[in-house]
Amino acid sequence: MTSAIICILVVLSVLLFVHLCVIVILLFNQRRSSAQVNVSHEGYLVVYASQSGHVEHYAKQFAHQLQQSGQLSAVLDLQYLSISELTAAKKILWCVSTCGEGDAPDTARAIAKKMFMQSLDLSAQQYAVLAFGDRRYAQFCAFGQRLDQWLKTQQAQPLFEMICVNALNPRDLEQWQAQIEQLIEIKLDVKTKHQAWQQFQLQQRKCLNTGSSGLPIFQLQLHALETMHWQSGDIFEVQCGNAEIEIQSFLKAHAIADDILHQPELKQQLRHNNLRHIPLRLVDEAVEAWVQRFDPLPSRDYSIASIPEQGYVELVIRQQQAEHGLGLGSGWLTAALAMGENISAKIRSNPSFHLVQQQQALILIGNGTGIAGLMSHLHQREHWQQQRNWLIFGERQQQYDHLYSEQLQHWQQHGFLTDLDYAFSRDQQQKIYVQDRLLQKADQLRQWIADGAAIYVCGSLSGMAQQVEQVLIQILGEIQLEQLREQHRYQRDVY
């Protein structure tokens with residue numbers, strides 16, 4: 001090769017690098033500019049912080065309604081809110097979820113930490129907080145409560161007291177909507193999450209860990225009755241249902257079987273109504289009116305283990321024990337639902353756990369049913385022909401709990417899964433978990449990160465994800481880990 005050709009190749013390489021840098025800068029500026037807010041506008045600034053997409057979806061629908069009514073200044077993800085924009089805003093409506101032990105969602109942790117360290121004069125600002133959480137967790141709406149208290153400390157004026165939403169309860173959201181409508185004197189029509197359900201048919205179900213000392217884990221495959229599109233990392237939201245035996249027991253206990261016999265639509269309503277906590281039936285109240293007052297059963301979220309190219313939605317669900325037997329969601333999907341029966345569900349985008357389609361090494365860390373979200377990413381990476389992948393996965397015993405062993409072995413043998421480390425905690429006297437494996441591979445982790453790798457964590461928050469984060473801080477340092485989070489190179493789907 002002549003020196004002239006070499007020079008040309010060098011020049012072309014430099015130009016390509018500069019071109020890529022310009023594209024990255026433009027994309028960043030476009031993303032940030034779309035988040036710019038007109039804080040001088042007299043309307044409301046809607047700020048949201050979302051972990052798995054629920055709150056973002058609601059906040060944007062809510063903001064759209066405000067915009068239609070001429071009451072919106074802007075809608076903004078908290079991670080892009082600057083301190084100057086915060087202090088300039090006159091009226092802010094906060095929609096925030098709580099993650100982990102009372103933390104802000106992952107994308108908002110850095111700005112929340114920075115914000116709470118500030119002492120600001122917000123005496124000219126009015127605000128309201130809609131805090132999302134789940135009463136099954138000890139730190140219910142803790143981030144929202146902390147935000148509300150901080151705003152009051154900064155002398156901001158509450159428009160009304162903070163409203164907490166338990167598991168997206170429609171009545172809690174209606175309370176918030178009523179308060180806003182009273183303020184703006186305009187009727188809003190915010191769609192609830194109970195719309196746009198799709199039908200999926202159960203085609204396959206099998207236990208993956210027969211003989212395990214742990215609770216049974218089932219693999220389900222469901223067929224969408226209409227064309228569906230999703231990305232790896234997205235969430236499958238299932239409308240829970242009552243088993244036929246539960247419905248019959250309810251009908252018998254309240255002596256209303258004859259009423260339902262001639263109104264099949266009422267029985268269908270009972271399929272998705274909460275029969276464990278029902279309102280007292282009024283004197284001479286018709287069955288139809290009574291049933292209308294029942295609370296709907298909540299939905300349950302599951303990581304998807306497949307990608308659209310496979311032609312089905314695959315879930316990995318561990319049965320859970322509850323006060324009255326199996327858990328609401330796990331019992332419905334792993335035991336009560338008949339083969340070939342349809343369920344109501346929908347796929348929700350989860351951008352905080354999406355992959356980036358670029359030649360970037362991937363470190364996947366998880367345990368238990370968290371294998372679902374990691375499998376979807378591995379299937380996607382295979383589809384993109386991106387081969388530098390490292391999986392660290394933990395379960396109880398290799399003999400019984402070696403989930404997806406054949407597929408993982410196949411990928412490893414063909415060089416697609418370049419590194420595979422297991423942590424079977426019960427296979428030795430000294431228990432070993434994924435965080436222990438991670439610590440053992442500290443040098444390799446540092447090298448992969450230096451080479452531009454991204455980290456994706458999926459599985460249980462309590463124990464695994466928290467301990468993994470502590471080990472990552474120990475290996476990389478808190479500053480570098482926070483930088484990875486801001487660069488979207490440290491993503492989590494934890495529960």
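The legends below describe close-up views of a predicted model.

Residues are numbered from 1 along each chain as its sequence is written. Because the model is predicted, local features require pLDDT of at least 70 and side-chain atom pairs count only at pLDDT 80 or more, whereas totals for chains, interfaces and linings use all residues; side-chain values rest on heavy atoms, with hydrogens and water left out.

**View 1. The protein chain as a whole.** The secondary structure of the protein chain comes to 18 helices and 19 strands, taken as DSSP runs numbered from the N terminus (helices, H or I, at least four residues; strands, E, at least two). Of its 495 residues, 51% are buried, where buried means under 20% relative accessible area, exposed over 50% and partly exposed in between (1.4 Å probe, protein chains only). Among contacts (heavy atoms within 4.5 Å) with a separation of 6 or more, 77% are made by residues 24 or more positions apart.

View 2. Strand 15 (residues 362–367) and strand 18 (residues 454–459) pair in the parallel sense over five bridges, and glycine 366 stands opposite cysteine 458 in strand 18.

**View 3. The largest nonpolar core.** This core has 32 residues, of which Leu78, Trp94 and Leu151 touch the most other members; a nonpolar core is a set of buried Ala, Val, Leu, Ile, Met, Phe, Trp, Tyr and Cys residues joined through side-chain atoms within 4.5 Å. At least two residues each are supplied by elements including strand 1 (44–49), strand 2 (72–77), helix 3 (83–88) and strand 3 (91–97). Leaving aside its neighbours within four places in sequence, leucine 151 is in contact with Trp94, Leu122, Gln125, Tyr127, Val129 and Ala156. Apart from this core lies another, of 28 residues, among them Ile363, Trp448, Met464 and Val468.

**View 4. Helix 5 and its surroundings.** The buried residues of helix 5 are Ala142, Phe143, Gly144, Leu147, Asp148, Trp150 and Leu151, and they pack against strand 1, helix 3, strand 3, helix 4 and strand 4. Glutamine 155, which follows helix 5, has a positive phi, near 75°.

View 5. Strand 1 and strand 2 run parallel and are joined by five bridges, with alanine 74 in strand 2 as the bridge partner of leucine 45. Five of the six residues of strand 2 are buried.

**View 6. Alanine 112 in helix 4.** Alanine 112, found in helix 4, is buried, with a relative accessible area of 4%. Not counting residues up to four places away in sequence, alanine 112 touches Ala104 and Phe143, while glutamine 79, 33 residues apart in sequence, is 8.1 Å apart in space, C-alpha to C-alpha.

Technical notes: Two strands pair if DSSP finds at least two bridges between them.
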